[in-house]
Structures are given as C-alpha cells and as structure tokens.
Amino acid sequence: MLLLENSPRATNDIDIFWLEEEAFRQTRIILSESVLAITRRHTLHPNWFNYLTQILMQNDIIIPGCKLWKRFGPLHIYIPPKKYILALKIMAGRDKDLEDCGILLPQTKIKTRKQAKQLLDHYILPEAQEKNAEQIEYSLSELFKNQ
Amino acid sequence: MTPETLQLMAQMHEESMREQPIISEPIETVAWAYNDICAGEDPWTALGNFTNAWYGYAKSIRAALVSEPLVRPEQETEYTRRWGAFCAASVEFLCDRYQVPCPAWVRDPYYTLETPWWRTRQVHDLSMRAYLVKITPPPFARRNIFCSNRLFQNKYEMYEWTQEARAKGITDPGEIWNYARDKEISIHGA
C-alpha cells in the first residue's frame, strides 16, 4: 500500500481492487494469463497480484475516489488517496500498520483523534468499525496522545 | 461486486496459489531477515519477507525457515540487539502457534534485553505501558519486549478461515466473519 507514498517500506504484493464488475468477468481469463506470465518472467511469488483484500473487505469499505495513475490500453490503474490507506491501516492496527500510519499521518491534515474518527467514518462502514472496534481503539490510542 | 463475482475472484486466487512457486534463492529465512535488518533494511520489510515465506510459498518447510541461528553483526548496537531479540521472540511465537519444533538458539539469554523495549509512540504514558504489559505475547514479554498482540495476523489465513466457514455450510456474512475472527483469536491471541 505504501509503494506509491515515497516510503522506505517495500511490499511483496499489490493489493488490487477491481472497480468494474462486468469488465472483470469478461477479462478474467486474460487477466489470469497475464498475471501468470509476469509471475514467471520476473520470478515472483504467485500471490504478488493479490485479490484477497477485495474478497475480504468488499463489504467493509466505501470505495474512495481515486486518481488515474497509469493507462495501458483499456486497462486503467487508479491509486487511492493516502487518507484511505491510513483509514485501512488504523483499522488493521498491527504493529507494522501503526508504523505505516506514522509515515502517512504527517502527509495528511489529520492531527487529532476526532479527525481520525471522521476519516474512519468516511471510508469504513459502521458494521466494519464495530467488528474491529478493539483494534481501532488501540490504534487511535497509539497514534494520538491522551485525546 | 456480487457474491458470484467475488467467488470468481476467490477461484483466481486459488488457481494462482496452485501455481508452482518459484522459490527465490536464498529463501527468506529469519536469519536472512535479521541480516537485512542489520544491513539497514526496514525491519518490517525484512520480517514481512520472512512471514511471506512462512505463510505463503515456503509454508511446507517452516522448520527450515527458522532453524539457522541469527548471525550477529560485527558492529552491534542497541538497535541490532533489539531486533535480534524481536526475531527470536517471533520464532518462538510462530513455532508455538503452528506446532513447528522451536530451534534452541532462540533461548540464548543474549536475546533477552537488559532494559524493556516499549514498542509504542506513547512510551511515557503509564497507562499505555500497563496495557502493553497486559497484552504482549509471552515470548516477547520474556525477552523484555512490550508490544501489541497484533503482530502476524494476515489476510491469507483470514481468507482460508472464511472459506472453511463456507465449507461448513455457513452462509451469513456476519457469521462467516465471526468464525474467521474466532480462529484468528485462537491462533494469534487477538
């Protein structure tokens, strides 16, 4: 997630979120073949192109407005806003996610716990916030001192 | 996306996982990760590479990923001592969770820190310290490292558990999530 954020943190995989359902259904075979060809050509791990985030989180998030990053013929690749990545990392709340939050926070205007909660409300659906309440609370306590 | 399309996506994930992994040389063992950390790599990138091997392409050879002792750097610092202890604790934690024989090197007293390492930005907040003491997994606390209990949770296991729930006939999304979350807590403690 931090690949595009000038972060020193590298990534082993790319979490994709397919936006157009019909296009996915129509192109999935060629997509699979393309991914496999790249896996072999660059000796990558098979899961470098990772569908799991979408499978697991589709019903938890509000898909943000994204910025067009690259265009390869009909394939358009968008990148999500930093604030959205930050929201997901606050919700995940693992040690490494909180370190990533430490990189992302100064790149946003989020200064307080209240603003961070508003950010979560903007991108994470209420049921998902409820399910992940414990880790969200821990992340907020960790990131915002005594607020 | 409809559930049917997500199911297609799940199939594509499983097909890609069935692809014979191209195991890079060298395999990203914990010793390799520690060497990278000492050479200046971001610790979570190095440990992320190791856990990617642990949960993904090298999960069938987990014992081999942790058997080799860490090589101490020529120039030891507090930083390298701390991350050495963190690697040893991680190995003990993971071996215990996944029934892998734990290598003897992790019990070397060298990997117990002399002073506590508080892995928090709120290091002076006594309530945060008390909370970390409460939740830190024992292999870390024993080595004087105090951190959260959300260290190695990952989407690969979460996905497997959601599939397991479906295989048991659970169809309600909330119940599927509860099933997977219970599994996560039973393995990772949080």
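## Helix H1 of chain A

In this predicted model, helix H1(A) has four buried residues, namely Phe24(A), Leu31(A), Val35(A) and Thr39(A). An α-helix has 3.6 residues a turn, so residues three or four places apart point the same way. The cover over the buried residues of H1(A) includes strand E2 (49–50) of chain A and helix H1 (3–18) of chain B.

H1(A) runs through residues 21–41, a total of 21 residues. From its first C-alpha to its last the helix reaches 28 Å, close to the 30 Å expected at 1.5 Å a residue. A bend of about 65° occurs at Thr27(A). After the helix comes Thr43(A), which has a positive phi near 40°.

## Overall build of chain B

Chain B contains nine helices and two strands, arranged along the sequence as α-α-α-α-α-β-α-α-β-α-α. Its C-alpha trace spans about 55 × 45 × 30 Å along the principal axes. Of the 190 residues in chain B, 56% count as buried. When contacts between residues at least 6 apart in sequence are considered, 66% join residues at least 24 apart.

## Surface and charge of chain B

The accessible surface of chain B amounts to about 9,000 Å², and carbon and sulfur atoms account for 53% of this area. The chain carries 20 positive and 25 negative side chains, with the centres of the two sets 7 Å apart.

## Ala63 of chain B

Ala63(B) lies in helix H4 (residues 62–66) of chain B. Its relative accessible area is 38%, so Ala63(B) is classed as partly exposed. Arg181(B) is 118 residues from Ala63(B) along the chain, and their C-alpha atoms are separated by 26 Å.

Technical notes:
Residues numbered from 1 in each chain as written. Chains lettered and ligands numbered in written order. Predicted model: local features only at pLDDT ≥ 70, side-chain atom pairs only at ≥ 80, totals over all residues. Heavy atoms only, no water. Buried < 20%, exposed > 50% of the residue type's maximum accessible area, 1.4 Å probe, protein only. Expected span 1.5 Å × (residues − 1). Bend = angle between axes of the 7 residues up to and from the residue. Contact = heavy atoms within 4.5 Å. Areas by Shrake-Rupley, 256 points an atom, 1.4 Å probe, with all protein chains shown as cover. Lys, Arg positive; Asp, Glu negative; His and termini not counted. Charge placed at Lys NZ, Arg CZ, Asp CG, Glu CD.
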